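Subject: Structure handover

Hello,

Here is the structure I promised to pass on. Please open it first, then read my notes below.

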Amino acid sequence: MPKRTDIHKILIIGAGPIIIGQACEFDYSGTQACKALKEEGFEVVLLNSNPATIMTDPDFADRTYIEPVTPEALEKIIEKERPDAVLPTLGGQTALNTAVAVAESGVLEKYGVELIGAKLPAIKMAEDRTLFKLAMERIGLEVPRSGFAHNYVEAMEVVKVVGFPAIIRPSFTLGGTGGGIAYNMEEYEKMVMAGIEASPTDEVLVEESVIGWKEYELEVMRDTVDNVVIICSIENFDPMGVHTGDSITVAPAQTLTDKEYQILRDASLKIIREIGVDTGGSNIQFGVNPRDGRLVVIEMNPRVSRSSALASKATGFPIAKIAAKLAVGYTLDEIRNDITRETPASFEPTIDYVVTKVPRFTFEKFPAADATLTTQMKSVGEVMAIGRTFKESLQKAIRSLEIGSSGFESRLFDITNETRRALTDKENALLRDKLRTPNCDRLWYVADALRSGKEIDEIYGITGIDPWFLHNIRQIVEKEEELKQVRMSASCHGEECGHKNGEMRDILREAKQYGFSDKFLGRLWSMTEEEVRQLRLSLGIKPVFKRVDTCAAEFVAYTPYLYSTYEDECEADVTNREKVIILGGGPNRIGQGIEFDYCCVHGVFGLTKDGFETIMVNCNPETVSTDYDTSDRLYFEPLTYEDVLSIVDVEKPVGVIVQFGGQTPLKLAVALEKAGVPIIGTSPDSIDRAEDRERFQEMLHKLGLRQPENGIARSFEEAEKAADRIGYPVVVRPSYVLGGRAMEIVYGVEDLRRYMHTAVQASPEHPILIDKFLDAAIEIDVDAISDGTEVVIGGIMEHIEEAGIHSGDSACSLPPYSISSELAAEIARQTRLMALELKVRGLMNVQYAIRDDIIYILEVNPRASRTVPFVSKATGRPLAQLAARVQAGKSLKELGVTEEIVPSYFSVKEAVFPFVKFPGVDTLLGPEMKSTGEVMGIDDDFAMAFAKAQLGAGVKLPLAGRVFISVRDADKKHIVTPAKKLYDNGFELLATRGTAAYLQEKGITVKVVNKVIEGRPHIVDSIKNGEIAMVINTTQGAQAVADSFSIRRETLMQNIAYFTTVAGAKAAVDGILAMQQRRLDVKPLQDHLGQDKEMNTGE
Amino acid sequence: MKAVLALADGRVFEGKGFGAAGEATGEVVFNTAMTGYQEVLTDPSYKGQMVTMTYTQMGNTGINPEDIESNQLYLSGFIVKEYHDHYSNWRATMSLDAYLKENGVVGIQGLDTRALTRHLRDHGAQNGIISTVDFDHESLVKKARALPSMAGLDLATGVSCEKPYHWTEGLWDLEKGYVHPDPAALKYKVVAYDFGIKLNILRCLVSAGCDVTVVPATFPAEQALAMNPDGIFFSNGPGDPEPMTEVIENMRKFVGKKPIFGICLGHQLLGLALGGKTMKLKFGNHGSNLPVMDLATRKVEVTAQNHGFSVDIVSLAGVCELAHENLNDQTVEGMRHKDLPIFSVQHHPEASPGPHDSHYLFGRFVEMMERHR
């Protein structure tokens, strides 16, 4: 059935900001969908609030609405654009929920808009636990024993049927938010009530525990004429009980016979048909009892999911792109497979390698969070690795994670020097605990358990990890022991080592086939990574590159999507074009996420324009950069020295770009350059000059620029001395970090002592930096581009929150909303000076603080920054693209970039936080970055743009009601104006005694409410009773912070708007007033850009 | 244990041996199925062949007593990237290595199977030899070259059963294992010609309601007709259909008398019996993921296939029409007689290993028998 001709204009809903459970995979899927539908000649309208996405680039849709992904905004867009259809299945749960809301409220019907991909009844049947359970019963499939509860009484009834342990799954929440496993009644009571609260429909499913069962996922696609294919099977390494997003997963399934696999396949076909997903991809999860093969259906996502992105990358089958084409009427057999060109998409990919995905966690950012892995997702990113065997792919995945691991390092043994030994009782107890309770280090403890001589059966009994996986890890550990013996019998290496050359070659080659990294081998042999590399090369052991082709080599592959392995035949088929390698950003984490992937992708766009062959290296399956048709060639490889050099050796590029992928490639820059790799753009030496505190100070001194008083310390004594000289409060941090890792504001010497203890652990090789903390200063972020002779400002952003809050967590406005044009001009001048001095070629980011009209330089980063996509969206100038072209030799003048673009409208960026996923964690902001993502609000005036950004971030700004205010003394005078504005515009005010007294004194009517420590009824009671519409709460000092913790936590759980800085509160109040005065309006990015005379001069 | 694989065209791969030691010869082919190596090992269609599995991890689920497609191993060699001795599956009772040893099949692992597959793809399936005793490349290549070509070989007659037998086992069920339906439910009497029949075909027939008598390849048509069957089935099997002239002659005697259904080799033989031609493909289809369109319903089914020869539908113009098409290479996947109740498919609707999408064809056969009773 060919493409539908009765629809012309399609609205795609994006996923909004990056949050836990919904990361850049939906930019990948949305971008593919936009491209596919535009290619088919449809007019594409897009809604997505996330500026860091490729899909929101103005070229990817005809009309791009960077507006909140809410039913209200969606309705306005539908009203304005009158699309024929809405495609809701490519923007994660957010898009699906938003689409359901407008479908149910009758908006779609009112405007005659059709839902394509999945219809409302299908979505409801898949998402509503009762309907889903009934559907499964109809087709003869089992689901775990379960029941629903909407209140305490029902919850008690249900658990009688289900028993313990019981799994609690709130309905309609994302990434299992509010879910968990209860092992006893006490835990159950607590969790079930929290779950009911977390659910938008006040409903939880309480389920029979199938903990320890094998977990499988199948990716299914269906077209309009009911053809169904399975794209990929995935087996979880971690058994049931750990959210699949937090599990290590492997494709294809490893421990199923064909008979058992076909049971899953048949069930998947039945399910997608019964649920009635019209077209596109779905993900179905199964639990399988390892003792008898009994199968239960866990859940189904009637949309493209995180696993779909993984399955796409794992097989080369572009699920989202095909899903988009199926949604507009094509059938699977009418769509070509891009990779083979000759064969249709109506087949099932078969692979001849093993894919392993390992999640990336950031518990170090949230020390108060419970790091146990459960059915609620906690990871913030993931890596994928491809190897010919499971062992190879697993070890490649480990070193892709960038957590300082290059293989199975030991947590209990000194693997360099120790031979096998029995464990002490204490070690044994620790080991058992780490094996039993799922946690992000369990993989390494499994290796230690094997090193300690534990049997596979025992480890299987404790962990539930399938013996097949355990045996593979045992082989790795055994190989490690063998490799150690080699060294022990040979103090030197190479030919003189006593081994014959051939023998050494065989041993090393086998180690590489097992996936051992050079670095890990170096650890075993007390050699450096480079020494091992040289030894390896001298023995002629180099990786070859194989292609991912969907068909296990049955057909010729036309797409150079490559991975390394140690075998005979290399399929790299290097061209003789001039090529540039762009190193990607690796796994998403807090501080380094989609923004950098955006820059990498733009790097590709820019270099393509200048005729280079572009080569991408990355290991993050969620991204646009790892789409095989983004760059000319894709290497899905770990971003390590060894792996990158192997690619460089084969490709021989004219340049390698390290400044787009964040800290990941930057960390490699110096070593790569030393190895002779042509790093283009700003030199690693310049980068060092900006990063190295002492060299940086020299430069500022030379340029006559000012920075806050500061010092450097390598010990506590030095730190104490420096802090005394500078004067408290001071900001302390380790050097060379991104995302403010371990950065803190320290108010006294005791604080400092505690900090030094933890920070030194956080970063042993690098000294501690100490800066004067500029209290209540305005913070400014600047992105600029330079070709070495000219510098053009990309954008000047004024932060909403004062200095001291990490720039990644702070909201900001472009253009600035309060500083004078003189100050802005001076900032631009200083930026230029530094860019030229550092001989920047490409991008540079500077952070400034302004206090009493004095400009201080906080930090300079001569690379792409987190704000580059935001600035590019706000100004319409594709900075990263231009930077890549500058790095490859073009001048700014040639590119037509001569002047800063200052838009006439305001763009506000707001950060989005994962606090709701981490019970027990405070929501206060500080110098350490905690946000996972960002949204953007655009409007002609600042207040409204800010309000939109808040709505986009999921903050429910109230238009009426009661506002609770409790601020620290220093903030009291600043809160008067916003409090008065609220009062004058119909809000009722509630405050704690001190704040209330101060406001009453200023003539504002305020009611007093008890602090929690003052006795009941107190403020938390009021919040719980739904009496509060907004909270403004600032604190200082450990005691005050602890006292007010429950307020912030409860506010978060109730999803009430809250502000923990006065600056944020002020902006919010102005936003609320703006929303009271005029209705929220929507406007596409193309119109914003078009209305400005200063059009994009970069293109 | 070292092992070497040499191809007739001179390409040599070194690896390690597993399974039985010694030398094995045959036509080297590949199979892209990611599951079901036990079924592949016991598939009689692999008689005279050495199978390369393109998926790399083999042995993972061990061997169990149930997943067999015949009572012995027919292929002569098994070629894999990495053999896993440590199996894990609740039904497994022994390792793949032990199974190969027990059945005298030579295995080789640790070689670049993707390079081998690409080589076979580009240069065609060809004869080869695996040896765990002779490591001299030249000598091995010479031995491989001396092997007879698959074209022109009647292998099917050799793997057929010796005398007729009755089959009553139906399809496998997770809880019940192989089901034995009530004999009263088996309403359609089918005579199934065994050219190397896979057991799952018989199971599919039984589960579709057939009372099946399996007969040898050379079983006289007169005797079969004397049994007064409702339909005749021609099975899959190894080798080239063309030299099987007597079998073809015998088959003709059913045409116009009984409803007929053929699979794979049975389909090719039927093509010849109806006066058409067959040809050897440069490289056949061997996998579990191949898209086929049923031209009657325009629906796509994902199929299991294992064949090196194909029917030339043009040669049957006026007699048969194309009923199923392979969407990858547009080869003939199934045909239907224009006037008579005869149809056949090139792929394996019984799967095993592979998807169950084409199981409906057994139902179609039953309907046909019902209509012509």
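Start inside chain B. There, 24 residues of domain 1 are in contact with 23 residues of domain 2. Contact means that the C-beta atoms of two residues, placed from the backbone, lie within 7 Å. β3 (23-31), α1 (37-41) and α3 (113-123) of chain B each give two or more residues to the side of domain 1 that touches domain 2. β3(B) has the largest share of that side, three residues. By class, the side holds 10 nonpolar, eight polar and six charged residues. (Ala, Val, Leu, Ile, Met, Phe, Trp, Tyr, Cys and Pro count as nonpolar; Asp, Glu, Lys and Arg count as charged; the others, Gly among them, count as polar.)

The domains of chain B are 2-145 for domain 1 and 156-371 for domain 2. These bounds come from an automatic or database domain assignment. The C-alpha centres of the two domains lie 27 Å apart.

A word on the source. This is a predicted model, in which local features need pLDDT of at least 70 and side-chain atom pairs count only at pLDDT 80 or more, while totals for chains, interfaces and linings use all residues. Residues are numbered from 1 along each chain as its sequence is written, with chains lettered from A and ligands numbered from 1 in the order in which they are written.

Next, helix α10 of chain B, residues 360-371. Helices (H or I, at least four residues) and strands (E, at least two) are DSSP runs, numbered from the N terminus. At 1.5 Å a residue, the 12 residues of α10(B) should span 16 Å, and the end C-alpha atoms are 17 Å apart, which agrees. The expected span is 1.5 Å times one less than the number of residues. The buried residues of α10(B) are Leu361(B), Phe362(B), Phe365(B), Val366(B), Met368(B) and Met369(B). They cover an arc of only 160 degrees around the axis, so they sit on the same side of α10(B). (The arc is that of the directions from the helix axis to the C-beta atoms. Buried means 20 or more other C-beta atoms within 10 Å of a residue's own, exposed means 12 or fewer, and partly exposed is in between.) They pack against β13 (188-194), α6 (199-207), β14 (210-216), β15 (231-234), β16 (260-263) and β21 (342-345) of chain B.

Now the two chains together. Their contact takes 45 residues from chain A and 43 residues from chain B. On the chain A side, α9 (258-275) and α16 (467-488) each supply at least two residues.

Last, two loop residues of chain A. Phe773(A) is in the loop between β26 (768-772) and β27 (778-787). Phe773(A) is buried, because 23 other C-beta atoms lie within 10 Å. Not counting residues up to four places away in sequence, Phe773(A) touches Pro729(A), Val730(A), Val731(A), Ile745(A) and Gly804(A).

Pro958(A) is in the loop between α30 (942-952) and β34 (962-966). Pro958(A) counts as partly exposed, because it has 17 C-beta neighbours inside 10 Å. Leaving out residues up to four places away in sequence, Pro958(A) touches Ala1029(A), Met1030(A), Ala1057(A) and Ile1072(A).

Best wishes
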